Every structure is written in C-alpha cells, then in structure tokens.
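Please look over the sequence and the model shown below before reading on.

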Amino acid sequence: DILQPATAHLFTEVDFTETPSTNRDPMVRQLQLLHRRLFGKPLSADATEISEELALWDQLYQVEQSPQKAWAGVLTVLMRDPEFILY
C-alpha cells in the first residue's frame with residue numbers, strides 16, 4: 001500500500017507521515033478500518049483497543065523512528081490475534 005497509495009487496500013486513511021501527537025484522527029480511522037476488515041468488528045474512536053494500538057504504534061516508532069515499521073508492527077499484532085482467522 002505504501003508503494004502505490006492510489007491502489008491501497010489496507011492503509012487508505014494514512015500516508016505514513018502521521019504520528020499520534022501530530023495527526024491522530026487519520027490514525028484512529030485507520031485502526032477502525034483495520035478492525036472492520038480483519039475482524040468484521042466496528043470500533044468507536046474511543047475504544048480501548050484503539051488507545052492500546054496507538055500506544056503500541058508510538059512505542060514501535062520510538063525504537064525505529066519509522067512510521068512504516070510501526071504500522072507493520074501493529075498489523076503483525078492484529079494478525080496474531082486469535083480472533084483473526086484467515087481462510
């Protein structure tokens with residue numbers, strides 16, 4: 001998705017330059033979209049999962065200073081969730 005944003009499938013709300021402190025809203029929308037696509041579960045913007053995943057994103061960002069790697073880490077955690085089933 002990062003290489004061809006015009007045809008993005010998963011990451012449609014962020015352009016990989018935002019951080020929770022600079023532009024939180026698109027990141028929240030992105031996490032809501034990921035939950036809907038991966039788990040079929042809509043979440044409110046103030047859901048606990050959203051806050052926890054933004055905190056995880058921030059922690060990962062602090063290590064690598066890379067939004068792309070932080071998003072990759074969050075997506076990895078989501079796909080390891082037992083509720084995520086791939087057929």
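## Helix 1 against helix 2

The crossing of helix 1 and helix 2 is right-handed, a crossing being right-handed if the near helix is turned clockwise from the far one by less than a right angle, and left-handed if anticlockwise. The residues that make this contact (heavy atoms within 4.5 Å) are Arg24, Met27, Val28, Leu31, Gln32 and His35 on the side of helix 1, and Glu49, Ile50, Ser51, Glu53, Leu54 and Trp57 on the side of helix 2. Sorted by class, they comprise six nonpolar, three polar and three charged residues, where Ala, Val, Leu, Ile, Met, Phe, Trp, Tyr, Cys and Pro count as nonpolar, Asp, Glu, Lys and Arg as charged, and the others, Gly among them, as polar.

Helix 1 covers residues 24-39, and its axis lies 10 Å from that of helix 2, at an angle of about 115°. The axes are lines fitted to C-alpha atoms, for helices over the stretch in contact, and the angles run from 0 to 180 degrees between N-to-C directions. Helices here are DSSP runs (H or I, at least four residues), numbered from the N terminus.

## Basis and confidence of the model

This is a predicted model, in which local features need pLDDT of at least 70 and side-chain atom pairs count only at pLDDT 80 or more, while totals for chains, interfaces and linings use all residues. Residues are numbered from 1 along each chain as its sequence is written, and side-chain values use heavy atoms, with hydrogens and water left out.

The predictor's confidence in each residue, pLDDT, is given from 0 to 100; for the protein chain its mean is 91, and 98% of the residues reach 70 or more. Among the elements, helix 2 (residues 48-64) has the highest mean pLDDT, 97, and helix 3 (residues 67-80) the lowest, 95. Where pLDDT is low, the predicted coordinates should not be read in detail.

## Helix 3 and its two partners

The axes of helix 2 and helix 3 come within 8 Å and cross at roughly 135°, which makes helix 2 oblique to helix 3. In this scheme, angles under 35 degrees count as roughly parallel, over 145 as roughly antiparallel, 65 to 115 as roughly perpendicular and the rest as oblique. Helix 2 passes helix 3 in a right-handed crossing. In the contact, Glu53, Leu56, Trp57, Leu60, Tyr61 and Glu64 of helix 2 meet Pro67, Lys69, Ala70, Trp71, Gly73, Val74, Val77 and Leu78 of helix 3, and by class these are 10 nonpolar, one polar and three charged residues.

Helix 1 and helix 3 pack at an angle of about 30°, with their axes 11 Å apart, and they are therefore roughly parallel to each other. From helix 1 the contact takes Met27, Gln30, Leu31, Leu34, His35, Leu38 and Phe39, and from helix 3 it takes Trp71, Val74, Leu75, Leu78 and Met79. The residues of this contact divide into 10 nonpolar, two polar and no charged.

## Residues within the helices

Leu34 has its place in helix 1, and at 0% relative accessibility it counts as buried (buried means under 20% relative accessible area, exposed over 50%, partly exposed in between, with a 1.4 Å probe and protein chains only). Not counting residues up to four places away in sequence, Leu34 touches Leu10, Phe11, Phe39, Trp71, Leu75 and Leu78.

Gln68, in helix 3, is partly exposed at 35% relative accessibility. With residues up to four places away in sequence left out, Gln68 touches Ile2 and Phe16.

## Residues outside the helices

Phe16 is found in the segment before helix 1 and is buried, with a relative accessible area of 11%; its phi is positive, about 70°, although Phe16 is not a glycine. Gln65, in the loop between helix 2 and helix 3, likewise has a positive phi, near 55°, in a residue other than glycine, and Gln65 is partly exposed, with a relative accessible area of 47%.

Pro42 is found in the loop between helix 1 and helix 2, where it is exposed, with a relative accessible area of 62%. The C-alpha atoms of Pro42 and Phe11 are 31 residues apart along the chain and are separated by 16 Å.

Conventions. Helices (H or I, at least four residues) and strands (E, at least two) are DSSP runs, numbered from the N terminus.
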